[in-house]
Amino acid sequence: MSPREAIAREEDATIIRPDFRRNAEPAETVEAVRPPPEPAATAAPAPAAPPAFVPKSPTMIAAYMLAGTLIALTQGLGMSFISSNLQQIAGPMDLTQTEATWLMAAYLFPNASLTLLLFKVRAQYGLRNFAEVAIVVYVLVCLAHFWIDSYESALALRFFAGVAAAPMTSLGFLYILEPVSPAKKMSIGLCASLTALALPTPVTGIISPHLLDIGSYHALYLVEMGLAMISLGLVYVLPLASPPRAKVISSLDVVSYIFLAIGLGCFAVVLTVGKLYWWTAVDWLAWMIIAGIAASAIFAAIELNRKNHLVDIRWLTSREILHFTGALMVSRLVLSEQTSGAVNFLRNAGMLNEQMAGLYWVILAGAVISGLVCAMIMKPGREPLIHAVSLLLVAVGSYMDSQSTILTRPEQMYLSQFLVSFASGLFLPPALMIGMGAAMKRGPSYILSFIVVFLATQKIGGYLGSALYGTFVQWREQFHSFRLVSELAPTDPLVAARLKQLGGAYGKVLTDPNQQVVQGAALFTRQVQQQAYALAYNDSFLLTAWASLAALACLVLHVAWRNRHRLLPTRNPMPAAA
């Protein structure tokens, strides 16, 4: 090479390299101007950089946000349609309530853990292919619901519906984050995504009565399939920016995931149906718990002895992540007051979805407004204050609900449930930002471990909260029933008059006085049990209020201890002796 050519080569390199850093040109451009490395010092090839962020027009931003919200709503409705309408689905299918609950358990078994494996699948095979295949599979599963003709086929189909819905959560999340600039992804992007994931439950309560009037439970499946087909079109029209592919799946990943899926799936099934069979009444519940513990132990043993972890167990058991996990678990337990407490209380009082439509609108408004407020105020360093406000709102709303009676109607719970819904939308985005930040500091491989923590606390924590609420309410109902019955002696004039009044109500349809007395006593027993349930739910609401205040006290103590050097005066050091 001549000296002139060498000088020209250096000038070209000087010109191109700043453009590369500014415009994120492909790696080949840099290699063309970079001198070849020495053979003895050849380094491992660096991973390709992700594509640069390209700002989108307001119309495209709205389109991507709408697509993400619609996809999140589609996957959530598949589960909420079943859980919110068990009675309406069990009747036409000739099922008991327990058999209908197994439809939920079959859905949750694969759904509890499949997102973990799909995170690596989309990294290896490309986000575009992942999105197209996932949405097509979901549409086919929705279409298959119209051909089920037996309970066994319905169980199998709900299992595959749980498999098909797992990638939909990720797709909805990614579509909402796609048009958001990197500087806003951890604030506006997270708040918008989590708000979209909170919409399916109240929307189900609002639209289900009208759909059931139109075409029974088949109308629910028809709407789900229609939304899935709209989502299919949006996925093909609005492509996601795919990061570079990399071979990240190994055979041991699959083996490790199988044990994790068995463990989380067993726990999900037990927590879903355990309170129906009662925890100590049947042996197979214990065997499922044992199987879940054994599978989880095998999964941990595999991961602790691997070099390339699927999940870093040691990092998950560090003090920072244990604190984060505990905070998320407590939030899921106290926020179960809404779905497992207030809604079930009103259903026990005889309210159906038609009568609770206004309450669902209030819950929906609380979720949307809290997402907007959280996006405006969330910044690094404000997480403890936001969490404190959230816990205080839950405590206030739960205490208001603890004053309910058997005559309480949805209108009397509008304010309290708005506060709880608003608190739910405030709590999760800051917590997720803290955990995601801790994972990204460690490196991209730790994001997968963080996803395990997030899924375990949100999904398993949700089932655990529902199970604990149901168990506590049944236990307190037995206590209050025993106390009320012991105080209602048949010789009491008021009790005798009430029994006579209730028996006389059957006088127009029953001519036998003995049958009137029997029916009146049965109706009186149901009313006593209903009162006992109202007192039991009040106890659960009060327990939630105290638990929220206890969590708030722990949060204040933790923040005070972390900032003790600012709160406590420091002593001036003694001057050194001459």
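**Exercise 1.** Is F159 buried, partly exposed or exposed, and what is its relative accessible area?

*Solution.* The model is predicted. F159 has a relative accessible area of 31%. Buried would require under 20% and exposed over 50%, so F159 counts as partly exposed.

**Exercise 2.** Find how many aromatic pairs the structure holds, then classify the pair of F109 and F159.

*Solution.* Step one: a search of the whole structure gives 9 aromatic pairs. Step two: the ring centres of F109 and F159 are 6.5 Å apart, and their planes make an angle of 35°. Step three: planes under 30 degrees apart would be stacked and over 60 edge-to-face, so this pair is tilted. Step four: F109 belongs to helix α5 (residues 97-111) and F159 to helix α8 (residues 151-177), so the pair ties together parts 50 residues apart in sequence. F109 is partly exposed, at 25% relative accessible area.

**Exercise 3.** Classify the pair of Y537 and F541, and state where the two residues lie.

*Solution.* The centres of the Y537 and F541 rings are 6.4 Å apart with planes at 35°, so the pair is tilted. Both residues sit in helix α20 (residues 513-562), 4 residues apart, which is about one turn of the helix. Y537 and F541 are both buried.

**Exercise 4.** Which residues form one aromatic cluster with Y277, and which residue lies over the face of W475?

*Solution.* Y277 forms one aromatic cluster with W102 and W284. Over the face of W475 lies R476, at 5.4 Å from the ring centre. The cut-off for a charge over a ring is within 6 Å.

Methods
Residues are numbered from 1 along each chain as its sequence is written. This is a predicted model: local features need pLDDT of at least 70, side-chain atom pairs count only at pLDDT 80 or more; totals for chains, interfaces and linings use all residues. Side-chain values use heavy atoms; hydrogens and water are left out. Rings of Phe, Tyr and Trp (its six-membered ring) pair if their centres lie within 6.5 Å; planes under 30 degrees apart count as stacked, over 60 as edge-to-face and the rest as tilted. Buried means under 20% relative accessible area, exposed over 50%, partly exposed in between (1.4 Å probe, protein chains only). A charge sits over a ring if NZ of Lys or CZ of Arg is within 6 Å of the ring centre and within 35 degrees of the ring normal.
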